[in-house]
Amino acid sequence: MKRQLVWKALHYEMMEYCNVEITDTDIRIDGTIVGYGEDTPFSVTYDIITDRLWQVTSLEMAIEKSGETSWVSLQREPGEHWTQSGHSRPEWEDCIDIDISLTPLTNTLPIRRLSQELQQRRQIEVLYINIFKGEIKPVKQWYTRLADNKYLYEGVAKDFKAEITVDDEGLVKNYEGLFVRLNKI
């Protein structure tokens, strides 16, 4: 299965184009985000690989802000430590998922991985990648399955909550107040 997705941010002047390809051995996701936010133009390109259980095994990302480019390179074998640019990061060992601040796509990862029952609330630790602050840190997040295609997300900022609507494949369609998917594919 291969899907092309397009989202528009509701608060930043920003668009994202993303491909999701599910193969017999893994899931490959690549995306490009372009926009203007926090008084600067930016672009982000990313490649994420997960295993068939939606557990992240690698992230390669280039971030360009005002003409300056930085890179993020993360790898993880399921049940193993994370590495960042080849350096072990054992302090991230409880994190399975990643959350890139400017894309709703990364919310799909735990939604698909957790396979929750209705009204079930799960706490997870994720590597939160704040594009504008240039930081990666473990944070706690909560997902509650409200309906077949609706989740309550809580996390990152204290007391932040938003409903996330997904399609039949668990891919984010609407992230309340932040992102809306434009294409119907």
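What share of the contacts in the protein chain with a separation of 6 or more is accounted for by residues 24 or more positions apart? Such residues account for 42% of these contacts, a contact being defined by heavy atoms within 4.5 Å. The structure is a predicted model, in which local features need pLDDT of at least 70 and side-chain atom pairs count only at pLDDT 80 or more, whereas totals for chains, interfaces and linings use all residues. Residues are numbered from 1 along each chain as its sequence is written, and side-chain values use heavy atoms, with hydrogens and water left out.

The protein chain comprises one helix and 15 strands, assigned as DSSP runs (helices: H or I, at least four residues; strands: E, at least two) and numbered from the N terminus. The radius of gyration of the protein chain, taken over C-alpha atoms, is 16 Å, in agreement with the value near 16 Å for a compact globule of 185 residues; the globule rule is 2.2 Å times the number of residues to the power 0.38. Along the principal axes, the C-alpha atoms fill a box of roughly 45 × 35 × 35 Å.

Of the 185 residues, 47% are buried (under 20% relative accessible area, with exposed being over 50% and partly exposed in between; 1.4 Å probe, protein chains only).

Two residues were examined individually. Q116 lies in the loop between α1 (105-114) and β10 (121-130) and counts as buried because its relative accessibility is 2%. Beyond residues up to four places away in sequence, Q116 touches R121, R122, Y143, T144, R145 and Y151. The side chain of Q116 reaches the backbone oxygen of Q120 at 2.8 Å and the backbone oxygen of Y143 at 2.8 Å. The C-alpha atoms of Q116 and I29 are separated by 22 Å, the two residues being 87 residues apart along the chain.

N183 is located in the segment after β15 (179-181); at 17% relative accessibility, N183 also counts as buried. With residues up to four places away in sequence not counted, N183 touches Q4, L5 and V6. The N183 side chain reaches the backbone oxygen of Q4 at 2.6 Å and the backbone nitrogen of V6 at 3.1 Å. Between N183 and K161, 22 residues apart in sequence, the C-alpha to C-alpha distance is 25 Å.

Key:
Polar contact = N/O pair within 3.5 Å; in protein donor to acceptor, adjacent residues only side chain to side chain.
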